Amino acid sequence: MAGHSKWANIQHRKGRQDAARSKLFSKLAKEITVAAKMGDPDPDKNPRLRLAVKEAKSQSVPKDVIDRAIKKSQGGDAENYDEIRYEGYGPGGVAVIVEAMTDNRNRTASTVRSTFSKNGGNLGETGSVGFMFERKGQVVYSADVGDADTVMMAAIEAGAEDVDSSEDGHVILCADTDLNDVSTALEAELGESESTKLVWQPTTTTELDLEGMEKLMKLVDALEDDDDIQSVTTNFEASDEVMAQL
């Protein structure tokens, strides 16, 4: 978990909140539109859409934006998005998975490739780093929903696989196919989560020093700035001393 939770903390410290927020809203809205278009526009009958709406609400996306995104999926003029995964290596040999939704595969592939090469990375073939990650469901709660034992018991009852509790909060992991059921059970026990989504969980990590972390952050920032990119996951590991200097 170290890589993922630390990354969230870095982003929080770095600021650029407003621009980042507007980008996040549009990416979440895109996921809602795609989920609604692929299945039923009723979240109760469409698990992927239900999770997308839940994640959007947890990030304070306004209700009218969510409704508009669902409505857009039913219109004849809704764009067709392809979901693509890119894999490669960043500075210091860190594995990177990039998930995109795009209406123009060539444009996105070209942008991702050049972003990797400009920032000390190499784009590889699909599968080149995927074996270093597992697809998991992740539900995040704030620290004040209960102590570690309370959350652990709720997670076990809900069918989760693992819990990482710290002063920053509780991160609950489950099988990717169980996320809908696990998050529903947790909600009944602990209330609304801060975040509910599918993630890539690193099974091996690569240690970076301060210089390596700074280079990696540049690559991830550049990738996330692209509107076609939905998420970027890496398997970095860094000491608390390095993290404190960022």
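Predicted model: local features only at pLDDT ≥ 70, side-chain atom pairs only at ≥ 80, totals over all residues.

Mentor: Residues are numbered from 1 along each chain as its sequence is written, and side-chain values use heavy atoms, with hydrogens and water left out.

Trainee: How far apart are the end C-alpha atoms of helix 7?

Mentor: Helices (H or I, at least four residues) and strands (E, at least two) are DSSP runs, numbered from the N terminus. The expected span of a helix is 1.5 Å times one less than its number of residues. Helix 7 (residues 179–190) has 12 residues and should therefore span 16 Å; this agrees with the distance between its end C-alpha atoms, 15 Å.

Trainee: Which residues of helix 7 are exposed on the face turned away from its buried side?

Mentor: Buried means under 20% relative accessible area, exposed over 50%, and partly exposed in between (1.4 Å probe, protein chains only). In helix 7 the buried residues are Leu179, Asn180, Val182, Ser183, Leu186 and Leu190. They lie on the same side of helix 7, because they cover an arc of only 165° around the axis, taken from the directions from the helix axis to the C-beta atoms. The face turned away carries the exposed residues Asp181, Ala188 and Glu189.

Trainee: Is Lys136 buried or exposed?

Mentor: Lys136 belongs to strand 4 (residues 133–141). Its relative accessible area is 13%, so Lys136 is buried.
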